[in-house]
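Student: I have a new model open and would like to learn how to read it. Could you walk me through some of its features?

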Amino acid sequence: MTTPKHGIVLGGGWAGMLAAHVLARHAETVTVIERDVLPDAPRHRKGSPQGRHVHVLWSSGARLIDGLLPGMVERLLKAGARKVNFHQDLVTLTSHGWQHRFPPRQYALMCTRPFLDWHVRDQILAGGRVTVRQRTEILDLVGDGTRISGVRVRDMDSGDTQTLGADLVVDASGRGSRLRHWLSALDLPPVEEDVVDAGIAYSTRIYQAPPGATEGFPAINVAADHRVREPGRFGVVYPQEDGTWMVTLSCTRGAGLPTTEEEFLPYARTLRHPLVADLISGAEPLTPVAVSRVGANRRLYPERLERWPEGLVVVGDALAAFNPIYGHGMSAAARAATALDEQLALGVDEAGSARRVQRAISASVDDPWIMAASKDVEYVGCRMNAKDPRLTGGATARQRFSDLIADRAIRSSAVCDVVTDVISLTAPQSELASNRFLSLMHQDRMLPELTAPPLTPDELSLVKLSPSSLAGVKGVPR
C-alpha cells in the first residue's frame, strides 16, 4: 500500500475538514467522525465555542486554502467576507503607539467563523468523496503501539458502538482531544506537552455598522501594553459580512472580563484609548454578549516519542492550540493540511512513514506556536509549564529585542513590511534575525510618532467622530 484506501478524520471542524479534503485526494474513501450536527447554512454550533468571537484568515492561509480549494477566496469575497489590507485598512494602537498606515503588504479575510466554516465545508462535501458521520462519539483508537487500524465509535442517539477500520486516522478533535489518554491505553509513553496560559478571555457582540462602514472604514485594534505590568485589556472592531461589526473585548488573567450587556461599553472605556467605545456607543447591538475563557497556548510533541504508531497523525488544535487573539489558528491548520498533502504524495507504506508525516505537520505549526507563546509570556500573571528553551531562557533579552522591533515597525515602512510578513505566516520567524532585517532596523527612515489614531476626515465623518475626541493614550509615557 502506497496510499491509504480508507481514511478516518476525528472532528469535522476547520482543521478536520481540510484534513479530510486532503486525505480524499489520496485515499479511496474518507469518513469524518463528528459529535455535532453540522449546520447546512452559516450557523453557530455547540462544538465550536470560539466561533462567536473574532476570527481572521491571514493571506498566507488564504493562499493555501485557494491552492487546496481553487476559487475559495473569490467565493468568500463574493459572499460578503471583507478583505482588510495590512496596514492600509487597519488602525492599530500597538503596545508602543499608533501604527502608521503603510501601503498594503499582506491582507486578512474577516468574516464570522460559521460563515467561513460553512463555505469551506460545503465545497469540500460537494466533491462527494468525504462522508460525515454526525452525532457520533469517538471512544478509542483500535490497534496497538505499533499500528492504529481504526477507531471505536458510539452513535450518540442509539447508543450503539461500532469499530471502523482505517489505513490512516487523523486526530482533528480540537482542544478536547483525548489523544494522550488513547496513547496511554496502548502502553505508549506520555506525549510531551507545553502550556503557556496568560488567562486570556473573550467577550463579543455584533453591532450594525453605520452605512458603508464595513467597506469605507478601517478595522480597529486597540492592544494592551505589557510594559505596564498589569493585566492586559484589548478591543477590536472588525468588519464582517452583512454590513456588521464584530466587537471583541478581551483580557489577560486578572483584568475582569465584561460578561453582561451592561458591562460591555463601560469595559471598552477602560482600554488604553476610547476609540472602540466611541464607535460602539452609538451603534445598534444585534446580539447578546458571548463569553469564552478558552485561550491558553498548548502544544503536544508527538514527533518526539521514540515509538509512534503507523496509521496515526495529529493536526489542528489537538496538536497545537494558540491564543486566538493573534489569528493564527486557521492559517496554521491550512499549513498542516498542506504538509499532510505533500507527505501523503510520498506514500505511507514504509516503516516510520507516520512519524515522517507527523514531523512535517509539527514543523508547520512551530512559527505560530512560538510567536503566540513568547508574546503571552510577557503578560503579568501568565502561567507557564513549558520546556521549550525559546520560552524558558533569555527572557529579558528576548523581550528587549521584541520591544525594539515593535517600536521601529510602527514608524518604518520597510521594517513593518518584514514584521507583517512574519506575523501573517508568509515569512518564517527566523527572518527577524536575518542580516537584511537587522540592517533595516538601523537604516530605514523613521516617521514621526503618531499622537492620535490615523483616521482620515472622510472616515471620521462616516462614523460621526471628531478629531478632537481622539487624542490621548493610557499607558507608559514615551
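Student: Where does Arg298 lie?

Tutor: Arg298 lies in strand β20, residues 297–300. Helices (H or I, at least four residues) and strands (E, at least two) are DSSP runs, numbered from the N terminus. This is a predicted model, in which local features need pLDDT of at least 70, side-chain atom pairs count only at pLDDT 80 or more, and totals for chains, interfaces and linings use all residues. Residues are numbered from 1 along each chain as its sequence is written, and side-chain values use heavy atoms, with hydrogens and water left out.

Student: Is Arg298 buried or exposed?

Tutor: Buried means under 20% relative accessible area, exposed over 50%, and partly exposed in between (1.4 Å probe, protein chains only). Arg298 counts as buried because its relative accessibility is 15%.

Student: What does the side chain of Arg298 make a polar contact with?

Tutor: A polar contact is a pair of N or O atoms within 3.5 Å; within protein, one must be able to donate a hydrogen and the other to accept it, and residues adjacent in sequence count only if both atoms are side-chain atoms. Here the partner of the Arg298 side chain is the side chain of Glu193, at 2.8 Å. Leaving out residues up to four places away in sequence, Arg298 touches several others, including Asp194, Asp317, Leu319 and Trp369.

Student: And how should I read the two sides of a strand?

Tutor: In a regular strand the side chains alternate between the two faces of the sheet. Both faces of β20 are covered: Asn297 and Arg299 are buried on one side, Arg298 and Leu300 on the other.

Student: Which residues does the side chain of Arg299 reach through a polar contact with a side chain or a backbone oxygen?

Tutor: The side chain of Arg299 makes a polar contact with the side chain of Asp366 at 2.7 Å. A polar atom of the Arg299 side chain also lies 3.3 Å from the backbone oxygen of Ser362. Arg299 is buried, with a relative accessible area of 4%. Beyond four places in sequence, the residues in contact with Arg299 include Glu192, Val365, Trp369 and Arg390.

Student: In what order do the strands of this sheet come?

Tutor: Two strands pair if DSSP finds at least two bridges between them. Four strands form an open sheet in the order β22-β20-β13-β23, with antiparallel pairing. At the edges stand β22 and β23 (383–385), each with a single partner strand, so one side of each is left without a neighbour in the sheet. Strand β13 (residues 193–197) pairs with β20 over four bridges, and Asp194 stands opposite Arg299. Two bridges join β20 to β22 (residues 320–321), where Ala320 stands opposite Arg299.

Student: How many of the residues of helix α14 are buried?

Tutor: Nine of the 11 residues of α14 (residues 413–423) are buried, so the helix is largely enclosed by the rest of the structure. Among the buried ones are Ala414, Cys416, Asp417 and Val422. Their cover includes β4, β7 (106–110), α11 (366–376), α13 (395–409) and α15 (435–443).

Student: What should I look for in the backbone angles?

Tutor: Most residues other than glycine have a negative phi, and most peptide bonds are trans. Just after α14, Leu425 takes a positive phi of about 70 degrees. Asp242 has a positive phi near 70 degrees, and is found in the loop between β16 (233–240) and β17 (244–251). With 67% relative accessibility, Asp242 counts as exposed. Lys464 has a positive phi near 60 degrees; it is found in the segment after α16 (457–462) and is exposed, with a relative accessible area of 75%.

Student: Which peptide bond is cis?

Tutor: The one from Phe86 to His87, with omega near 5 degrees. His87 is found in the loop between β4 (82–86) and β5 (90–94).

Definitions and conventions:
Contact = heavy atoms within 4.5 Å.
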